[in-house]
Structure formats: structure tokens, C-alpha cells
Amino acid sequence: MATSDFWQRLSGTISPADQGLGLAAGEVRSELGTVALSMIADALTVLIAVTVATQYRLHVGLQNGAGAFVHGTLIHGRSMNVLLSIVGGYAIALVYTSRRLNLYSHLRYRGILNEQRLSMQASFTAGLLLTGFLYLLHANDIPRSIVMLTIVLVTVGLGARRLVRRTLAYRRFDRGMDTRDVLIVGTGPEAHALRHHIESVRRLGYKFKGFVQFSREDGGVSATESEDVVGTIETVFQHARKHFVDEIFFTAPADRTVVRDVLQKARIYGVDLRVVPELYDGAAWNSPIEYVGHFPTIPLYRGRVKEASFVLKRVIDILFAGAVLIALLPFLLVIALAIRLDTHGPVFYASERIGKKGRVFRCFKFRTMVPDAECLRAELESLNERDGVLFKIRHDPRVTAVGRLLRKFSLDELPQFINVLRGEMSVVGPRPPIASEVREYNLSHLRRLSVMPGITGLWQVQGRQDPSFDSYVSLDVTYIENWSIWMDVKIIVRTIGVVLSGTGT
């Protein structure tokens, strides 16, 4: 379930008491890591194309061809180093040309046909450079059929890879994942036209979160005339945190000093900032123009993070979750049978949880309580052993006999690896809260919802028995601000020890 009207209503109840909006440097965004991965993928495409073309033209198997290549006998008179230099030079030319054509920018800044055309242009340009280099090298012994077939295969490979990537991205956009939440400064015709465009063109991956009133002279409506106006320019970053905004678009004319002030705050708060170019004469000299659909914009600020590490984190999540579910499948069946034999009711318990950026999803667990446990909670509020918004009772009378054993060793959490495979959770991250808890959050607590929730986390291995909600949030924020792949590995290792110690309740 994507972010719903439920979250929109819920966010309206969040207390603004704590205005701690500053973001850590690790949270601000960049596509540098994704660019590097795309470059590597293009280089691998060249390597695969050369291998296939050589095998097809010279009629050699992969193993025999590799041996001949290493020993310098694949093409008479051409050593391995020379051939590597030629292939490497072609790959570098392709990557450089693609970079010049902005093929490594986000897919939302170009359409499908334009991307395919630019891919062909990059491939043919690099191919011309390759043939020119071979001519200067007097490499008449290298079959031209291999060269031409390689260029064709690279062209097809690049187009197919980018088409698959785009298709997968569109599917994630439709599920409400990897989208960019935006606020639009201004309420005039330009602002409404931009809003209509980003909502009607779903492939852009944007979600409109509201207008920001700049002034009563901006040609638009006042804050009292439209429910889509969430606030004023003075409170824009407060609303940016409240609505998990990734990007702010300026469409209202403003003095350069105002834009610079907003730009300075955007750097601090880690929110990307774009403007309509004709509105700010001289405010963004030498900045490239990027088209958001049909709208030209100038990116004034774009944050930086280790995006390649986030991709690696997702890959690790999928491999780890898949391995756990396959390895423990017989054990999971035994647990399911024990639950059915112990009490009447379903084996699994699915509750609505709040995930990254307020996204509502169904979190799976083995059922450990009686079927009507939620109805009995109000009667047990006086026994709550946690402070703040948390609810926990060590000897909860609603827990079944089998459920008590599952909780002791945290085995009831195992079905959440399904949520990991679905892209709703990570193996490591803050625990996903329920809606009643989020209703009592203030703005600083929303920091927990800025990343993917996890099955285990820093609190689970370091402060599990601490009843303080402030400590709970503090450990989650510490994890977010200091996150790394190595930190995830250490938490997973420590989780194994915590689980085996049987400290769950």
C-alpha cells in the first residue's frame, strides 16, 4: 500500500513542538553512486559484446577463447595487453560520450525515445572513435566483422538495459516506492501547471505535497483559499520535514536574497532545490538546465550521499532474506503447525505499520497472542512498562504458550523477511511503528521514518530492555546518522547473540 489518505490525516496530528529539523550529512541525496554503477554496467556491456562477437566470428568456445586471449594467440600478432587496451579504450570512449550526453542523469529527466536515441548516438560515436583508432594503429589483422558486430551488440545491449531499468523504476513508482515528494513555492498559474504536470505524468516519479504561499502578490491564492496551501515561505522547511519532502520547486518571482536564504537552509536541511530559470536572473549562472517533463528547471542544490552503498544494502537485504527463508523453511513450517495446535486462529498476524516517508504497509509476524488481542489492549494500558508512546508488558496475559516461546527468541519476527523481499523493510533499520504511536510523534521523532524500517536495529542489540522512548529514538537517530554497510553487518552479528540469549519478551 502506497502512502495513503490515512497518512495525510495522520500527519496533521503530529505535534510541531520540537522543530529539530537539521539533517545529518549522510541523509542528503546524490546520484554519484548510481552514476558510477551505470558506468560500470556500460563497461561490462562492452566486455560482453566483444566476447560474444569474437566467439561468433572466430568460432571458438569461451574456455578456448579465453586461453588463446591470455597467451596472445587469439588474433595473430596481437598480445593480450594490446587487445585489452583497445577494448578498454572503446569502453572509456563509450562512458565519456554517454556522460557528455547526460545519459547518467536520472531517467525522469528524459523520455524513453530520447534515451534510446541518445544511447544509439553514444554507441555509434564511440564506435567511430574505435574504428579511427584501429586505422591509426594499422590493425588490419583484427577482423572488421568483429568490430561491427561488437558495435551493434553494444547498441542493442545499452538500449535493452536502459529499457529494463526504466520499466522496473516505473513499477516501483506505481507502488509508491522511490518517488520524490515535492513542495511548490508559489500559487500562481505556473505553480498549478507544474503541479498538474507532475501528477499527470507518473513516470516522473514525483508526488505533490502542497503549495507554499510566498506572498499575496505572487498572483495566486491565499492560504485560506486553498486546502493545498500547507504554509508560507517562513515555515517551508517545517512542512518539508512533516511531509518527508525531498525537493522544493520555486515558481514564484522572488528577490535573489530570498532565494539565497532558502538555498542556504536547503543545504542544512538536506532538501533539493529547483527554480524556474527565467525567474532568477543571474541567481544560477553556469547551472545546467534539466527538464522535469516539459518544464525547464535549474537545480540550485542537490545533496550528496553514498547512493551506491544504498544499492548494495538492498542487494544484501534480498540475498540475506532469501537465504534465511529458504534455509529455515522446514523450521517455519514447524512453528506454523505449533501455533495452529496451540490456539484457534490464523498462523500469521499482519498489522498496518508506518514505513519510510509515511508509507503504510502490512507487516507480517507469527501470531503470538489470542485472536482478540487488540480489543483487550485498552484494558491493559495501566500495566504498560514503557514510557512515551511505546506499549510493552513483560508478562502480557494476551500472549499464548507458543507465542511466549517465540517471543523469547524473537522467532515471531521471521515472516518479516517477506516484507524485506517486497521492498517494504530492510534487515537492519528502525522498527516500523504502528499508527497510534506515530500520532503522538513530534517533528523530531519523524526522523525515524526517513529511512527504510528494519527487522533488527541498534536499539534491539543495545537498548532492548531500556523503557525510555527518548533512548529508543536516540539510538535510531544514531543509526541513521552513522549508517554504513559495516555497521549493518555488526548489528546482524550482535542480533544473533541477542536472539540466542533469549532476552525477548
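Predicted model: local features only at pLDDT ≥ 70, side-chain atom pairs only at ≥ 80, totals over all residues.
**View 1. Salt bridge between E115 and R166**. Here the side chains of E115 and R166 come together, with an N to O distance of 3.2 Å. E115 belongs to helix 5 (residues 112-136) and R166 to helix 6 (residues 144-174), so this pair ties together parts that are 51 residues apart in sequence. As you look at the two partners, note that E115 and R166 are both buried.

**View 2. Salt bridge between D178 and R172**. In this view, the closest N and O atoms of D178 and R172 are 2.4 Å apart. D178 has a relative accessible area of 48%, which makes D178 partly exposed. R172 also counts as partly exposed, at 25% relative accessibility.

**View 3. Salt bridge between K365 and E413**. The side chains of K365 and E413 meet at 3.9 Å, N to O. You will find K365 in strand 9 (residues 360-366), while E413 sits in the loop between helix 13 (401-408) and helix 14 (416-421), so the pair links parts that are 48 residues apart in sequence. K365 is buried, with a relative accessibility of 14%, and E413 is likewise buried, at 17%.

**View 4. A salt-bridge network of R180, E247, D272 and R274**.

Terms used: Residues numbered from 1 in each chain as written. Heavy atoms only, no water. Salt bridge = Lys/Arg side-chain N within 4 Å of Asp/Glu carboxyl O. Helix = DSSP H or I, 4+ residues; strand = E, 2+ residues; numbered from the N terminus. Buried < 20%, exposed > 50% of the residue type's maximum accessible area, 1.4 Å probe, protein only.
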